[in-house]
Amino acid sequence: MNLVKEIYVITQNLPAEEKFGLISQIRRCAVSIPSNIAEGAGRNNVKEFIQFLGIASGSAYELETQLILLFGLNFKQEIEITPLTNELAEIQKMIYSFKTKLNNG
């Protein structure tokens, strides 16, 4: 959830014309990660939990792509994006590891 807060901060000063485009998409992806983990944890079924972790993982990779786009479109500098992509890489590893552990019983 800390990443979500950081995403909201970094997207605050993007161009206004991106409000309903890239800003909205980036924020939805970021919120989707912890939301899907929480929803999956609330299910009483390991298979469903694994499915929701997969959705969270997909959102994490989508968010990574969008952060790279911010740099590519010259909306943000690499120094602003790198800490977020590093944090996101750790989250991706944690989700993968957790999914693997649940799959193996």
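Q: Thanks! Which residues touch the most other members in the largest nonpolar core?
A: Those are Leu3, Ile7, Ile33, Leu63, Leu67, Leu70 and Leu88, out of 23 residues in that core. Keep in mind that this is a predicted model.

Q: And which elements give two or more residues to this core?
A: Helix 1 (2-11), helix 2 (22-42), helix 3 (46-72) and helix 4 (78-103) do. Helix 3 gives the most, with seven residues.

Q: Let's zoom in on Ile33. What is Ile33 in contact with, leaving aside its neighbours within four places in sequence?
A: Ile33 is in contact with Ala56, Ser59, Ala60, Leu63, Leu88, Ile91 and Ile95.

Q: Nice. Now the helices: at what angle do helix 3 and helix 4 pack?
A: The angle is about 165 degrees, and their axes are 10 Å apart. Because angles over 145 degrees count as roughly antiparallel, helix 3 is roughly antiparallel to helix 4.

Q: Is the crossing of helix 3 and helix 4 left-handed or right-handed?
A: Helix 3 passes helix 4 in a left-handed crossing.

Q: What does that contact have, by class?
A: The contact of helix 3 with helix 4 has 17 nonpolar, five polar and three charged residues.

Q: Switching topic, where is Phe20 found?
A: Phe20 sits in the loop between helix 1 and helix 2.

Q: Buried or exposed, that Phe20?
A: Exposed: Phe20 has a relative accessible area of 74%, and the cut-off for exposed is over 50%.

Q: How many Å apart are Phe20 and Leu84 in space?
A: They are 22 Å apart, C-alpha to C-alpha, and 64 residues apart in sequence.

Note on methods: Residues are numbered from 1 along each chain as its sequence is written. This is a predicted model: local features need pLDDT of at least 70, side-chain atom pairs count only at pLDDT 80 or more; totals for chains, interfaces and linings use all residues. Side-chain values use heavy atoms; hydrogens and water are left out. A nonpolar core is a set of buried Ala, Val, Leu, Ile, Met, Phe, Trp, Tyr and Cys residues joined through side-chain atoms within 4.5 Å. Buried means under 20% relative accessible area, exposed over 50%, partly exposed in between (1.4 Å probe, protein chains only). Helices (H or I, at least four residues) and strands (E, at least two) are DSSP runs, numbered from the N terminus. Contact means heavy atoms within 4.5 Å. Axes are lines fitted to C-alpha atoms, for helices over the stretch in contact, and angles run from 0 to 180 degrees between N-to-C directions. Angles under 35 degrees count as roughly parallel, over 145 as roughly antiparallel, 65 to 115 as roughly perpendicular and the rest as oblique. A crossing is left-handed if the near helix is turned anticlockwise from the far one by less than a right angle, and right-handed if clockwise. Ala, Val, Leu, Ile, Met, Phe, Trp, Tyr, Cys and Pro count as nonpolar, Asp, Glu, Lys and Arg as charged, and the others, Gly among them, as polar.
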